[in-house]
Amino acid sequence: MKPLQLARQHFFFQISIGIIFVFYLFVPLKAIGQNNSSLKKSEPIYQNPFDLASGGASLTRATQEGVMFSNPSLPAFGEGHFRWIFLRSTFSVAEGTIKTGADLLKSTSSAGSTSSLINNAASDLFKYPNYIGLSNAAGVITSEFGIAGFAANKLFTNGKRFGTVGVPQLVVQDNGFAGVATTMSTAFGDHLAIGIGPKYIYNAEVNTTLSVNDVLNPSTASTKLSNALLTGNALATDIGFTLQQRTKNFDIRLAGVVADVGNTTFNSGLPPWLQTYNAGLGFAVHDFTNALHCAVDYRDITNVYNEDLPKKIYMGCKALITRIFGVGFGYLQGWPSYGFVLNLFLFRLEAGVYTRDIANQSGLVGQKVYFVSLGFEL
C-alpha cells in the first residue's frame with residue numbers, strides 16, 4: 001500500500017475516533033438511580049499485577065495488558081505500531097487464608113472425624129478474614145486497536161462476632177466477571193492521545209451472610225449461597241485522554257478517564273457499575289534501557305461510591321532495569337504495596353504484596369494479600 005494511502009487511512013481513523021470521543025463526552029447520560037451497592041466500587045475491574053505492586057497508579061502509564069482496562073488512550077503512545085500478544089494468569093491469597101489452609105492441613109493429618117474437620121474449618125472461617133483472587137487475560141494490542149478476553153473472581157469472607165441480629169455471622173462476598181475488552185486509540189501529534197474502550201461483561205455477585213449453623217451444614221450453606229447469586233451481562237464503555245510532554249530523558253503525562261460511561265447497567269437485578277471520573281499525573285526519567293516511572297491517580301472524583309478518600313488514591317513508582325527486571329513500591333488505597341517483575345520475553349513472572357481494607361472505613365483493619373502472576377508476551 002502506498003504511503004499516501006496509509007496516511008489517508010490513518011487520518012480518517014483519527015477523525016472517526018475523535019467523533020466517537022466527542023459523542024460520548026457530550027451525549028446525555030442515562031438517568032438511573034445512583035445505587036452504589038455494587039461490590040466493584042471505584043477500582044478498575046482488572047489491573048496488571050506489577051501495577052498493583054507499584055501502588056496501582058496506571059492512568060498515565062500502565063504495564064502491558066493493563067492499558068486495556070486503565071486508560072484506552074494509552075496504546076497510541078509508544079514505539080511502533082504493534083505492541084504485544086499477551087497471556088497473563090494471576091493468583092492472589094490473603095494472609096488469613098494461608099493460616100486457614102495450614103490449620104486444615106494439620107487437622108487432616110490427624111485422625112479426626114469428618115465432623116471435627118468441618119468444625120475446625122468453620123472455626124477458622126470465623127477466626128480469620130479470608131480472600132482468594134484469580135484473574136486471567138489474553139489478547140493482542142496495537143497502537144490503534146486492542147482486543148482481549150478476561151476473567152476474574154474475588155472471594156472474601158469475614159467472621160463477625162456480633163452480626164446484625166447479635167449472634168456470630170459470616171459475611172460472604174464473591175464477585176466474578178468475564179468478557180471481552182477492546183480499545184480504539186489514536187494520537188494527535190506527540191502531545192495528545194484519545195481512546196475509547198468498549199467491553200462486553202458477564203457479571204456474577206454473591207453478597208450475603210451465613211450463620212454458624214449454616215457454615216456447619218455445607219448443604220444449607222450451598223443452598224443459601226445459590227439463592228443469593230445474581231448474574232447479568234452488560235456493555236460497558238470507558239473513554240480517556242492523555243496529554244504528554246517529552247524530552248530525551250524526561251516525560252510527564254496528565255490523563256483523564258471516564259469509566260462506565262452512562263453507568264454500566266446489567267440486564268438483571270445486579271447493582272449497576274456507576275460512572276466515575278478519574279485523573280492521573282505521572283512522570284518518567286529514562287534512557288534507552290532503564291526507566292523510573294512515578295505516578296498518582298485520584299479515582300471517583302465526584303464520590304459516587306461514597307468511599308473514604310484513601311481508598312480512591314493510588315500512587316507509587318516503578319524502576320525498570322534493562323527491560324528485564326523491575327521493582328515497584330507504592331501506596332495502594334491507604335496501604336503500602338511492593339513487588340517485582342522478571343521479564344524473559346517468552347516468560348514473565350510478577351509477584352508482590354498489597355493490603356486491602358476489611359472495614360468500611362479505610363486504615364482501620366488491613367488484610368495482607370500476596371500475589372503471583374505467570375505469563376508471556378511477544
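Leaving out neighbours within four places in sequence, Ile45 is in contact (heavy atoms within 4.5 Å) with Lys40, Phe69, Phe150, Lys154, Phe177, Lys199, Ile201 and Trp273. Ile45 also turns up, along with Phe69, Phe150, Phe177, Ile201 and Trp273, among the residues with the most contacts inside the largest nonpolar core, a set of 25 residues. Such a core is made of buried Ala, Val, Leu, Ile, Met, Phe, Trp, Tyr and Cys residues joined through side-chain atoms within 4.5 Å, where buried means under 20% relative accessible area, exposed means over 50%, and partly exposed covers what is in between (1.4 Å probe, protein chains only). At least two residues of this core come from each of α3, β1, β2 (130–142), β3 (145–160), β4 (169–188) and β6 (230–246). Another core lies apart from that one and has 13 residues, including Ala53, Ala57, Ala295 and Tyr354. As a general matter, nonpolar side chains in soluble globular proteins tend to be buried together.

All of this comes from a predicted model, in which local features need pLDDT of at least 70, side-chain atom pairs count only at pLDDT 80 or more, and totals for chains, interfaces and linings use all residues. Residues are numbered from 1 along each chain as its sequence is written, and side-chain values use heavy atoms, with hydrogens and water left out.

Zooming out, the protein has 7 helices and 14 strands; these are DSSP runs numbered from the N terminus, with helices being H or I of at least four residues and strands being E of at least two. Of the 378 residues in the protein, 49% are buried. Among contacts with a separation of 6 or more, 64% are between residues 24 or more positions apart. The accessible surface comes to about 17,600 Å², and carbon and sulfur atoms hold 66% of that; the areas are from the Shrake-Rupley method with a 1.4 Å probe, and for residues only the protein chains shown count as cover.

On the charged side, the count is 12 salt bridges, each being a side-chain nitrogen of Lys or Arg within 4 Å of a carboxyl oxygen of Asp or Glu. Arg88 and Glu350 make one of them, at 3.2 Å from N to O. Arg88 sits in strand β1 (residues 82–94) and Glu350 in strand β13 (residues 348–357), so this pair ties together parts that are 262 residues apart in sequence. Arg88 is buried, at 0% relative accessible area, and Glu350 is buried with a value of 0% too. Another bridge pairs Lys224 with Asp214, at 3.4 Å from N to O. Here Lys224 belongs to helix α7 (residues 218–228) and Asp214 to helix α6 (residues 212–216), so the parts tied together are 10 residues apart in sequence. Lys224 is partly exposed at 33%, whereas Asp214 is buried at 11%. Shared partners also join Glu65, Arg88, Arg348, Glu350 and Glu377 into one salt-bridge network. Arg61 and Asp251 form a further bridge, at 3.8 Å from N to O. That pair links distant parts of the chain, 190 residues apart, with Arg61 in the loop between α2 (49–53) and α3 (67–70) and Asp251 in strand β7. Asp251 is buried, at 7% relative accessibility.

Two threonines are worth a look. Thr242 is in strand β6 and is buried, at 0% relative accessibility. The Thr242 side chain makes a polar contact with the side chain of Asn71 at 3.1 Å; the term means a pair of N or O atoms within 3.5 Å where, within protein, one must be able to donate a hydrogen and the other to accept it, and residues adjacent in sequence count only if both atoms are side-chain atoms. Beyond four places in sequence, Thr242 touches Asn71, Ser73, Leu74, Phe77, His191, Leu192, Ala193, Arg253, Leu254 and Ala255. Thr208 is in strand β5 (residues 192–211) and is buried at 15%. With residues up to four places away set aside, Thr208 touches Leu170, Val171, Val172, Lys224, Leu225 and Ala228.

Asn263 has a positive phi, near 75°, in a residue other than glycine; Asn263 is in the loop between β7 (250–259) and β8 (276–286) and is buried at 5%. Asp300, also not a glycine, has a positive phi of about 50°. Asp300 is placed in the loop between β9 (291–298) and β10 (313–321) and is buried, at 0%.
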